[in-house]
Amino acid sequence: MEQEKYELLHEINTPDDLKKLKVEQLPTLCKELRQDIVEELSVNPGHLASSLGAIEITVALHYVYNTPEDRIVWDVGHQAYGHKILTGRREKFCTNRKLHGIKPFPSPEESEYDSFVCGHASNSISAALGMAVAAEMKKEERHVVAVIGDGAMSGGLAFEGLNNVSSTPNDILIILNDNNMSIDRSVGGMKQYLLSLNTNETYNRVRFKVSRWLNKRGMMNDDRRHGLIRLNNALKSAISHQQNVFEGMNIRYFGPFDGHDVKNIVRMLRQLKDMKGPKMLHLHTTKGKGYKPAEKAATTWHAPGRFDVETGKRDVTNDGNEPPRFQDVFGETLLELAKNNERIVGITPAMPTGCSLNIMMKEMPERAFDVGIAEGHSVTFAAGLAKEGLQPFCNIYSAFAQRAYDNIIHDAAILRLPVVICLDRAGLVGEDGPTHHGAFDMAFLRPIPHLTIASPMNEHELRHMMYTAQLPDHGTFVIRYPRGRGVLTDWRCAMEELPVGKGRRLREGTDVAVLSIGPIGNDVATAIDELQHEGCTLSVAHYDMRFLKPLDEDILAEASRCQRIITVEDGVRNGGLGSAVVEWLADHHLSIPVVRIGLPDAFVEHGTVAELREIVGIDKEHIKNEINRS
């Protein structure tokens, strides 16, 4: 049955098998590959729309190039499911994103066909250039292709890579998978430029032939090639009345072409394969291509969860009685605050739906900004707004905020600017794995002067912290909260100012003091309750610290009178809350046993959040065992 359903795909285990097909068979293979991905992801959720849009590019690349010896560097790894299936992982693809299964994004640790890690965006050009230069220095015959898509060209690192590509001798090919989308619709000047870019296909075909003719006659060495390219660009600009920014950087540009015409893509790749110098092939694709529901609503179908293939109905399990997602509490609360504070503006780097800033965008579009995949810029843009009297709330996924570290220090904290940085997806995020876990934010932000760092235990606390952060004289204020749902169904409450740097005692005790920060405090509270019901005779105190910085020294002094202290956090132990408590005790010459419960000094793999918490020892049972330890 399987063989009949996927007549061609069934026979392909490696790219060598793919190369046995005739070019005329490739459209059928693309159709089968698409269907395979749709059917698998309907029961095993993952990133659907992006991979559907990149099928023809994927097939053509592995058909023309000699992978893995030739390097394909993917940018934004959620467009690479087809790549995984064609490179020996089809039988294992049902384990994608599952604990101990294949990784959610390409990784050299998993397959030699995965040339580089690509969980985040915009790194492909830089990495590909490094590989190409290394091959040249080692005298290795190797082609290198960077596939950049899903809005990643809006990222600053992509432009840094292009700048270096234009000035460093190399023969790389950059494929721009242009679907006018990231997760939400792309924004910014690069989007507008790519939309308006129009190059005649007949002109490109003629240029292909002329380039090959000149190359065969030895007229395309470096000096002559650069001169011919500059002459070509000048003539083309004069004829078309249009300047091409890529050709202006001496990168040969071809396109835009139909990114779903696999036979034509194969033809173009064969012509470009041995052409000297850096090249860009611009392909227009449709995110979600081949599955109508995904084509119509690409944002929704970026990662849709389980769904019915035939009807397109998604499995939305919330019946209205569950607690809201933290991101939705953020979005609703920000709109509520903005209605009462005209200085408030919202900012996100390409995640308006993911962080729920779209709630404010819908009602106040002039006060909410999607700046594209540009985390560093988002912080500095916010700092500029704050410098001129506005109150920006800048929402960034915790793992992506790592790319804005210098901006947080240099552009916000030094001047104590009132920028509120809301870190969504803090802590373990589950199936997206180590590139997306928000593991490091508390540790890397804690040493920065002038920052306030807070984390709410529940939805009410998040609202109070957001209200507090927009009040005058609080400077740069960081609020971190996790992916997923909270604990309160009646989450709306009157907002009130919290005293900065002050936590709260949730339970009195004299034997063990447990200090927690953030929503993991709910697990601590449950663990202590269960121990009491199980007959534990220990007197256990529990404190919700609320603030990592400044620390509540009154709580620390009170906790230090217990026999033991346990700290619990959903960030790395090294440098987080536990480290801060140990440092305070040392500074005050206090010698008290401290156990730090948090993430280990290792990259945590993918799996459900519950599975991963158990593995790394931050789940309720581990907390109970540590409290009850004699």
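**A helix pair and its surroundings**

Guide: In this predicted model, helix α15 (residues 326–340) packs with helix α22 (residues 459–469) at an angle of about 40°, and their axes are 10 Å apart. The crossing of α15 and α22 is right-handed. From α15, the contact takes in Phe326, Val329, Phe330, Thr333, Leu334, Glu336 and Leu337. From α22 come Glu459, Leu462, Arg463, Met466 and Tyr467. By type, the residues of this contact of α15 with α22 comprise eight nonpolar, one polar and three charged.

Residues up to four places away in sequence aside, Met364 touches Leu335, Ala338 and Lys339. Between Met364 and Ala338 there are 8.9 Å in space, C-alpha to C-alpha, although they are 26 residues apart in sequence. Met364 has a relative accessible area of 9%, which is under 20%, so Met364 counts as buried.

Next comes a sheet. Five strands make up this open sheet, in the order β12-β14-β13-β16-β17, and the pairing is mixed. Its edge strands, each pairing on one side only, are β12 (504–507) and β17 (594–599). On average, and with direction ignored, neighbouring strands of the sheet are turned by 20° against each other. Strand β16 (residues 564–572) pairs with β17 in the parallel sense over five bridges. Opposite Val594 in β17 stands Ile565.

Two helices can be followed from here. Helix α23 (residues 520–533) packs on the sheet and touches β12, β13 (512–516), β14 (540–544) and β16. The direction of α23 makes about 165° with that of β14. Helix α27 (residues 620–628) also packs on the sheet, touching β13, β14, β16 and β17. The direction of α27 makes about 160° with that of β16.

Last, the nonpolar cores. The largest has 53 residues, of which Val59, Leu61, Ile175, Leu269 and Leu281 touch the most other members. Leu61 is in contact with Ile72, Trp74, Val145, Val147, Ile175 and Leu269, leaving aside its neighbours within four places in sequence. A second, separate core has 48 residues, including Ile408, Leu417, Ile421 and Ile565.

Methods. Residues are numbered from 1 along each chain as its sequence is written. This is a predicted model: local features need pLDDT of at least 70, side-chain atom pairs count only at pLDDT 80 or more; totals for chains, interfaces and linings use all residues. Side-chain values use heavy atoms; hydrogens and water are left out. Axes are lines fitted to C-alpha atoms, for helices over the stretch in contact, and angles run from 0 to 180 degrees between N-to-C directions. Helices (H or I, at least four residues) and strands (E, at least two) are DSSP runs, numbered from the N terminus. A crossing is left-handed if the near helix is turned anticlockwise from the far one by less than a right angle, and right-handed if clockwise. Contact means heavy atoms within 4.5 Å. Ala, Val, Leu, Ile, Met, Phe, Trp, Tyr, Cys and Pro count as nonpolar, Asp, Glu, Lys and Arg as charged, and the others, Gly among them, as polar. Two strands pair if DSSP finds at least two bridges between them. A nonpolar core is a set of buried Ala, Val, Leu, Ile, Met, Phe, Trp, Tyr and Cys residues joined through side-chain atoms within 4.5 Å. Buried means under 20% relative accessible area, exposed over 50%, partly exposed in between (1.4 Å probe, protein chains only).
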